[in-house]
Structures are given as C-alpha cells and as structure tokens.
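Reader: Hi, I'm new to reading structures. Can you walk me through this one?

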Amino acid sequence: MTENLKIKQLIDDNQVLLFMKGNPKFPQCGFSSLACQVLDACGTKYETFDVLQDSDVREGIKIFSNWPTIPQLYIKGEFVGGSDIIKEMYESGELVKLISPA
Amino acid sequence: MLLPSQIEEVIIANLDCDFIEVKGDDGTHFEAIIVSPLFKNQSMIKQHQIVYEALGDMMKQEIHALSIKTITPEQWQKFTKSTNL
C-alpha cells in the first residue's frame with residue numbers, strides 16, 4: 001500500500017515521468033534508452049525514476065499499471081505505455097500533441 | 001533456450017489471432033506482430049495488456065524483452081493490400 005502511495009505521489013508530482021532502468025545519461029536497457037531518445041526528440045522536459053535503485057517501486061509499478069515491463073511513461077497522471085507504444089505515438093505525432101497540446 | 005515458436009504457441013493458445021509472427025534468436029529478446037479481432041476499438045495500452053495476459057507468467061519469468069506490434073484485422077487488410085502481399 002505504501003508503495004502505491006509513493007508511486008501515486010511520483011506520478012502526481014511530475015507532468016512527464018518515465019520509470020526506467022538507469023537514467024537518461026546512462027540507461028541500463030535498450031528499451032529505456034529508446035524511451036529517453038523519443039522524449040528528447042519531443043523536446044520536452046521530463047523526469048525519470050530509476051527502478052533499479054528501488055526494487056519496491058520496480059515491482060510495484062508493474063502492478064500499479066498492470067504492465068509487466070519497464071520503461072513506463074506517465075503524462076499528466078495518465079499511463080501512456082511502454083517503449084513500443086511511446087515510439088509508435090511519437091511516429092504518428094500523437095506523443096508531441098499529448099505532451100504539449102497546441 | 002526459449003524459442004520464438006514457443007512464445008507463438010502460448011499466445012495462440014490463449015488469444016484469438018488471425019496472424020502471428022514472433023522473431024528473435026538470442027533466447028531473451030523477441031519481437032511479435034499479432035493480428036487479432038480482440039484489438040478492435042481498444043487503446044494501444046489495452047491491446048498490449050491483452051497480449052501480456054495471454055503470456056501470463058511467461059512474461060514475468062522467461063521473457064526478458066518483448067517488443068509488441070498489435071494490429072486489428074481491418075488495419076491488417078489495409079496493410080496487406082497496400083504492400084500487395
């Protein structure tokens with residue numbers, strides 16, 4: 001329960017939040033790296049949470065989102081998806097719209 | 001070593017698909033293309049969740065990385081027509 005509260009707080013406190021392995025400078029997994037590249041390409045400011053530093057959040061976020069893999073992107077409190085979805089939404093232009101609505 | 005065909009079998013057993021192809025020969029990283037009528041009118045998140053559900057514990061234990069492309073039968077028809085397959 002406390003993990004859920006912590007996750008909820010993280011999501012509420014950050015407009016664009018990526019749960020990832022490692023950090024944008026040193027991503028520890030190709031999928032997390034891809035997610036960072038896409039967000040960088042969107043030109044948006046984003047926060048990241050390194051799940052490798054916190055095993056409770058690492059497991060907790062999978063249950064919270066009903067999503068078994070990392071990375072996971074949250075925008076304005078909403079779960080957006082994992083790296084495949086992030087990439088597809090970037091290619092279709094949806095992701096930029098979601099981040100900075102005109 | 002986990003083979004793409006084993007992943008295909010599990011998905012086919014648990015999910016109604018019109019087409020499936022899983023690739024990946026290193027035993028840990030896989031790519032799946034799945035066409036299913038169950039994806040119709042579902043968000044991309046939900047479509048991927050349907051696939052993860054079909055994989056069950058396999059996703060938690062054996063599969064290190066799986067990239068998923070979900071396609072509805074309607075999208076698939078358009079796609080195959082446009083590429084003349």
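Author: Let's start with a definition. Two residues are in contact if their C-beta atoms, placed from the backbone, lie within 7 Å. By that rule, eight residues of chain A are in contact with 11 residues of chain B.

Reader: Before we go on, how are things numbered, and what kind of model is it?

Author: Residues are numbered from 1 along each chain as its sequence is written, while chains are lettered from A and ligands numbered from 1 in the order in which they are written. This is a predicted model, where local features need pLDDT of at least 70, side-chain atom pairs count only at pLDDT 80 or more, and totals for chains, interfaces and linings use all residues.

Reader: OK, back to the chains. Which elements give two or more residues to the side of chain A that touches chain B?

Author: Strand E4 and helix H4 (83-91) of chain A. H4(A) gives the largest share, three residues. Helices (H or I, at least four residues) and strands (E, at least two) are DSSP runs, numbered from the N terminus.

Reader: What is that side made of, by class?

Author: Four nonpolar, two polar and two charged residues. Here Ala, Val, Leu, Ile, Met, Phe, Trp, Tyr, Cys and Pro count as nonpolar, Asp, Glu, Lys and Arg as charged, and the others, Gly among them, as polar.

Reader: New topic: the sheet. In what order do the strands come?

Author: The order is E2-E1-E3-E4 in chain A. The sheet is open, with four strands and mixed pairing. Two strands pair if DSSP finds at least two bridges between them.

Reader: Which strands stand at the edges?

Author: E2 and E4 of chain A. Each has a single partner strand, so one side of each is left without a neighbour in the sheet.

Reader: And how does E1(A) pair with E3(A)?

Author: In the antiparallel sense, over four bridges. Leu18(A) has Leu73(A) as its bridge partner in E3(A). With strand E2 (residues 47-50), E1(A) runs parallel, again over four bridges. There, Leu18(A) stands opposite Thr48(A), and Leu17(A) has Glu47(A) as its bridge partner.

Reader: Is E1(A) mostly covered or mostly open?

Author: Mostly covered: four of its five residues are buried. A residue is buried if 20 or more other C-beta atoms lie within 10 Å of its own, exposed if 12 or fewer, and partly exposed in between; C-beta atoms are placed from the backbone.

Reader: Now helix H3 of chain A. Which of its residues are buried?

Author: Gly60(A), Ile61(A) and Ser65(A). They cover an arc of only 115° around the axis, which puts them on the same side of H3(A). The arc is that of the directions from the helix axis to the C-beta atoms.

Reader: What sits on the face turned away from that?

Author: The exposed residues Ser55(A), Asp56(A), Glu59(A) and Ile63(A).

Reader: And what covers the buried ones?

Author: The cover includes helix H1 (2-13), strand E1 (16-20), strand E3 (72-75) and strand E4 (78-81) of chain A.

Reader: How do H1(A) and H3(A) pack?

Author: At an angle of about 80°, with their axes 9 Å apart. Axes are lines fitted to C-alpha atoms, for helices over the stretch in contact, and angles run from 0 to 180 degrees between N-to-C directions. H1(A) and H3(A) are therefore roughly perpendicular to each other. Angles under 35 degrees count as roughly parallel, over 145 as roughly antiparallel, 65 to 115 as roughly perpendicular and the rest as oblique.

Reader: Which residues meet there?

Author: Glu3(A), Asn4(A), Lys6(A) and Ile7(A) in H1(A) meet Asp56(A), Val57(A), Gly60(A), Ile61(A) and Phe64(A) in H3(A).

Reader: What follows H3(A)?

Author: Asn66(A), which has a positive phi near 55°. Asn66(A) is not a glycine. With 12 C-beta neighbours inside 10 Å, Asn66(A) counts as exposed.

Reader: Which peptide bond is cis?

Author: The one from Ile70(A) to Pro71(A), with omega near 10°. Pro71(A) is in the loop between H3 and E3 of chain A. Most peptide bonds are trans.

Reader: Last one. Where is Cys42(A)?

Author: In the loop between helix H2 (30-41) and E2 of chain A. Cys42(A) is 48 residues from Tyr90(A) in sequence and 7.9 Å from Tyr90(A) in space, C-alpha to C-alpha.
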